[in-house]
Amino acid sequence: MDNNLAELNCNILPATIEKWLRETDLDKLQQLWREADRTREKYIGRDIYLRGLIEISNHCVRRCAYCGINWERSNLERYRLNEGEIMEAVARAIDMECGTVVIQAGEDYGLAREFISYIIHRIKDSTSLAVALSLGERPMEDLLAWKQAGADRYFLRFETSDDGLYKVIHPSLKVGESPRQRLQLLCDLREMGYAIGSGIMVGLPGQSYASVAQDIALFRTLDLDMIGVGPYIRSMDTALGTGSLVIKDLGANQVDADELMTYKVIALARIVCPDANITSTTALATINRVAGRRLGLQRGANVFMPNVTPMEYRDSYEIYPRKKSDDTMDDIRSDMELMGRRINGGHGSRKKRSI
Ligand code: 5AD
């Protein structure tokens, strides 16, 4: 394999990305990590931004074959936070030096448009935080109302750009719903004035190297402001977890759902999208609880999202098993020291750089 570092620039072709995804030589990969870290240093600097994650509801109308809070799962206690609980979580985020809160939930229509608008207003009126939303594929009227209420950003992962795979793992709610709905929604969100974030799961059954290379190229085409990628983690009580959904084995073309592959995707995303905010994700920290967060931040990422959901609900937001949600300020600070980086308590909105 003639993986040439000179090919590593933001106009990198899908074929070159694929070669790097297939790279197993650890010396070569060291070069990839170094290039990603250098790019992060050049375009973003040394600062790390914390976004406090508030999981406000684990109800969901979707039947995603990978996700542990899908509608069909019956043995899960469902919850929805009230206003007081949400505002306490917001206060925790401020204590943890977060410049942003992320309001996340399953796609839950029990969360009324007006309630979310009211919460956004309350946060914006009483704090200087940026507000990011991650509430699924809601109707345009909801998304517009929330923008008007003051929300700054919206996260919606497209999960995989392979239409065939997406269709089976993310069944539509309505006949005729396009598998491309999430991509269209991301464009609509941008039009509305949101900064947009997206990403994929790495190593989904049936996900090929070529399709992950396309995903990474798509990050750039979409001109994403924020990127989040994590390993796929098998979740029992899901169609993929129990094996009731059978996906054709791709053999040598199947992408691994492991730590190394996740670092490759993070590093390549950084090189392809040099000025994006890239998260070292919870799923990554879940499969390497000791060093996952730090290594993500040293191989291209510049954002971390500590969980600030009230303790008593954290186990119920079980999108996959053993999800890490116990990060403390001491842990985060000791990582910063190890890396020689520092927390920036500001919004950390993307500053577009000429590249
Ligand atoms: N493994 C890893 N990530 C998952 N997500 C959902 N289920 C899983 C899983 N089993 C991710 C999806 C979703 C985000 C909120 O969590 O990418 O968009």
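Ala, Val, Leu, Ile, Met, Phe, Trp, Tyr, Cys and Pro are counted here as nonpolar, Asp, Glu, Lys and Arg as charged, and the others, Gly among them, as polar. On this basis, the lining of the second largest cavity comprises four nonpolar, two polar and three charged residues. The model is predicted.

The second largest cavity holds about 60 Å³ of space. Its lining consists of Phe158, Thr160, Ser161, Asp163, Tyr166, Pro179, Arg180, Arg182 and Leu183. Helix H6 (163-169) and helix H7 (181-192) are the elements that each give two or more residues to this lining.

In total, the structure contains four cavities of 30 Å³ or more. Elements that supply two or more lining residues include strand E1 (47-57), strand E2 (100-105) and helix H11 (282-287). Strand E7 gives the most, with four residues. The lining of the largest cavity divides into 21 nonpolar, 15 polar and seven charged residues.

Helix H3 (residues 83-95) packs against helix H4 (residues 113-126) at an angle of about 35°, and the axes are 11 Å apart. The crossing of H3 and H4 is right-handed. From H3, the contact involves Glu83, Ile86, Met87 and Val90; from H4, Phe115, Tyr118, Ile119, Arg122, Ile123 and Ser126. Seven residues of this contact are nonpolar, one is polar and two are charged.

Definitions and conventions: Residues numbered from 1 in each chain as written. Predicted model: local features only at pLDDT ≥ 70, side-chain atom pairs only at ≥ 80, totals over all residues. Heavy atoms only, no water. Axes fitted to C-alpha atoms, helices over the stretch in contact; angles between N-to-C directions. Left-handed = near helix turned anticlockwise from the far one by under 90°. Contact = heavy atoms within 4.5 Å. 1 Å grid on protein atoms, 1.4 Å probe; cavity = no way out; pocket = protein on both sides within 12 Å on 5 of 7 lines; lining within 4 Å. Points joined across faces, edges and corners; volume = space filled by probe spheres on them.
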